[in-house]
Amino acid sequence: MEKVLEVIELKKSYKKGFIPKSHDVLKGLNFSLKKGSITGFLGANGAGKTTTMKCILGLTFFKEGQILFFDGQSLSGDVKRRIGFLPERPYFYEYLTGYEFLRFYGELSGGMSRSQLNGRIAELLARVDLSHAKDVKLRNYSKGMLQKIGLAQALIHRPDLVILDEPKAGLDPDGRYYISEIIRELASQGTTVFFSSHLLHDAEKLCENLVIIKSGLVIFEGETKQLLSEVDPEVEIIFRENGQLKTKTVMGEAELQVQLSDLVRKGVSVHEVRRKQISLEEAFVEMALRGEKTS
Amino acid sequence: MREVWVIGKNTYKEILRDRILYGLLVFALLLIGVSLALGELSFAEQTRISANFGLTGIHLSAVILSIFVGSTLVSREIDKKTILTLLVRPVSRVQFVAGKALGLSLVIATLVSGLALVLVAVLSYLGMELNLILAGALIGVLFESLVLLGITLFFSSFTTPMMTVVFSASLFLIGHWLGSLRFFAEKSQSLEFSVMSQVVTAIVPDLENFNWREYVIYADPIPLSQVLWAGVNAFAWFGLLIVLTAFIFGRRDFA
């Protein structure tokens with residue numbers, strides 16, 4: 001399967017302080033994205049998510065490593081034509097109307113005739129439910145409307161890879177749902193979506209793949225369900241002893257097997273084994289605490 | 001080139017919709033208005049005084065626009081992070097800087113043309129015979145604005161907008177005093193002063209090369225060779241400064 005993005009041993013450092021001292025932000029990051037996948041990019045504040053995205057997009061220069069697009073190409077004008085990006089907390093040209101704004105980015109991206117671009121703008125405005133506000137200046141848009149028009153600018157040129165930095169930050173549940181729907185729709189059309197988020201509940205529902213970073217290193221890369229199964233959950237064993245139902249809580253698979261063998265040996269009848277459903281939030285915290293690379 | 005034009009068009013729209021331009025327009029119109037009133041004071045020299053004052057108003061407006069709007073032209077995109085969505089498009093950093101410069105240059109040309117029409121109307125009303133000398137003087141204002149815009153963009157690529165204004169305004173003043181500096185250096189006994197004056201003269205564009213207001217006042221035709229040479233001079237300075245700006249800007253991290 002085509003690798004849409006491949007990040008290899010990415011290292012980046014910044015100089016900080018009055019007497020500049022080098023501070024490593026990315027310490028050899030490795031991960032890749034498959035075509036048509038939705039991948040969540042998770043990590044605590046300061047873990048290096050935004051820096052990674054900026055390195056990928058050529059906004060920040062990195063000191064070591066390699067970033068390859070669409071089966072081995074380096075970043076170039078042609079590659080940029082296939083990428084869409086929505087930055088975190090976007091500020092747009094507030095003196096432009098929604099229509100002018102999309103037209104500007106469409107013209108910059110190139111590859112469309114005037115009539116094609118007009119058609120695409122109308123299609124996108126309808127998709128993000130902003131047709132009614134196409135002639136309103138962006139300074140009069142609400143935060144949710146800005147996020148939607150921001151997403152539309154990222155999609156104006158029908159990119160193959162869409163990178164979204166905290167696309168749902170500060171949105172109400174309606175807005176979050178709307179963005180999720182668009183992301184799902186993109187993936188169903190074969191577009192690869194890579195987005196960072198603090199909203200783990202949303203990421204859990206939306207992403208089939210996850211890349212989790214901590215202190216500039218990838219600590220997990222793989223399928224969401226793999227992460228959820230890797231983190232040992234609580235298990236309740238319900239058994240009958242001396243005519244009474246009793247419950248025993250154990251942590252993880254290994255302890256469960258030990259306890260079950262023990263109960264069987266004693267001749268106790270095991271009534272039920274109930275696994276607690278672990279959330280991505282719990283798995284993420286566990287993984288971050290472990291701080292070890294599991295994948 | 002398409003990218004430069006698209007960014008230029010957007011910059012043009014941005015500045016035209018900004019309030020600073022209208023403040024400047026009012027200031028220039030006031031100066032032209034005052035030129036009418038001052039002209040009334042002197043019966044014989046009325047049109048000359050009015051022409052001089054009017055041209056000064058247009059000149060100052062263009063200079064203020066170049067320096068003040070130019071100082072935030074790029075930094076505003078960085079502060080508001082709009083640059084992030086621009087540079088991820090197939091747009092190089094050189095094209096970005098060139099596009100911004102083109103946009104502001106078009107605004108300056110629009111401002112100068114608009115004010116020139118007002119001045120022409122005033123001077124016609126006063127009975128001045130209109131000729132190409134006035135157009136030449138206005139072209140000189142445009143050339144100077146172009147050089148100042150290049151200087152401003154260059155400083156803005158590595159310092160704050162406030163410092164950019166200070167540096168650019170200083171070079172504007174020095175650029176108009178180079179003739180005096182040369183004169184004093186020739187008279188001076190000090191070797192250090194002479195060397196310093198030669199260095200300054202070599203690295204600072206002589207903005208008096210674009211000042212043809214006196215030709216208008218004395219109704220002297222501006223030699224075509226002078227206009228052409230000034231044009232080459234202005235575009236060479238502008239090109240050099242844009243290349244330097246793009247070079248510095250190209251090495252910048254947008255953290």
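Student: How many helices and strands does the secondary structure of chain B come to?

Tutor: One thing before we count: this is a predicted model. Chain B comes to eleven helices and zero strands. Read from the N terminus, its elements run α-α-α-α-α-α-α-α-α-α-α.

Student: And how many helices and strands are there in chain A?

Tutor: Chain A has ten helices and twelve strands.

Student: What share of the residues in chain B is buried?

Tutor: Here the cut-off matters: buried means under 20% relative accessible area. Buried residues make up 49% of the 255 residues in chain B. In chain A, they make up 48% of the 295 residues.

Student: What about contacts between residues at least 24 apart in chain B?

Tutor: Take the contacts between residues at least 6 apart in sequence, then ask what part joins residues at least 24 apart. In chain B that part is 79%. For chain A, residues 24 or more positions apart account for 67% of the contacts with a separation of 6 or more.

Student: How many positive and negative side chains does chain B have?

Tutor: There are 17 positive and 16 negative ones in chain B, and the centres of the two sets lie 15 Å apart. Chain A has 42 positive and 39 negative side chains, with the two centres 4 Å apart.

Student: Now the interface. How much area do chain A and chain B bury between them?

Tutor: The general idea is that interface size is often given as the accessible area lost when the parts come together. Here the two chains bury about 2800 Å² between them, 55% of it on carbon and sulfur atoms. On the chain A side, Leu59(A), Tyr95(A) and Leu108(A) lose the most area to chain B, together 25% of what that side buries. The contact takes 31 residues from chain A and 27 residues from chain B.

Student: Which residues does Phe61(A) touch, beyond those up to four places away in sequence?

Tutor: Find its place in the chain, then go through its partners. Phe61(A) is in the loop between helix 1 (49-56) and strand 4 of chain A. It touches Lys12(A) in its own chain, plus Arg93(B), Gly250(B), Arg251(B), Arg252(B) and Asp253(B). At 40% relative accessibility, Phe61(A) counts as partly exposed.

Student: Is Gly84(A) buried or exposed?

Tutor: Buried, because its relative accessibility is 0%. Gly84(A) is found in strand 5 (residues 83-86) of chain A. Leaving aside neighbours within four places in sequence, its contacts are Ala154(A), His157(A), Pro159(A), Leu161(A), Val162(A) and Ile163(A). Check the C-alpha atoms of Gly84(A) and Leu164(A) too: these residues are 80 apart along the chain, yet the atoms are separated by 8.2 Å.

Student: And what is the relative accessible area of Ser13(A)?

Tutor: Ser13(A) has 19%, so it is buried. You'll find Ser13(A) in strand 1 (residues 3-16) of chain A.

Student: Last one, backbone angles. What is phi of Asp71(A)?

Tutor: Near 65 degrees, a positive value in a residue other than glycine. Asp71(A) is in the loop between strand 4 (64-69) and helix 2 (77-80) of chain A, and at 53% relative accessibility it counts as exposed. In chain B, look at Lys81(B), where phi is also near 65 degrees. Lys81(B) is in the loop between helix 4 (75-79) and helix 5 (82-87), and with 33% relative accessibility it counts as partly exposed.

Key:
Residues are numbered from 1 along each chain as its sequence is written. Chains are lettered from A and ligands numbered from 1 in the order in which they are written. This is a predicted model: local features need pLDDT of at least 70, side-chain atom pairs count only at pLDDT 80 or more; totals for chains, interfaces and linings use all residues. Side-chain values use heavy atoms; hydrogens and water are left out. Helices (H or I, at least four residues) and strands (E, at least two) are DSSP runs, numbered from the N terminus. Buried means under 20% relative accessible area, exposed over 50%, partly exposed in between (1.4 Å probe, protein chains only). Contact means heavy atoms within 4.5 Å. Lys and Arg count as positive and Asp and Glu as negative; His and the chain ends are not counted. The place of a charge is taken as NZ of Lys, CZ of Arg, CG of Asp or CD of Glu. Buried area is the accessible area (1.4 Å probe) that two parts lose on being put together, summed over both.
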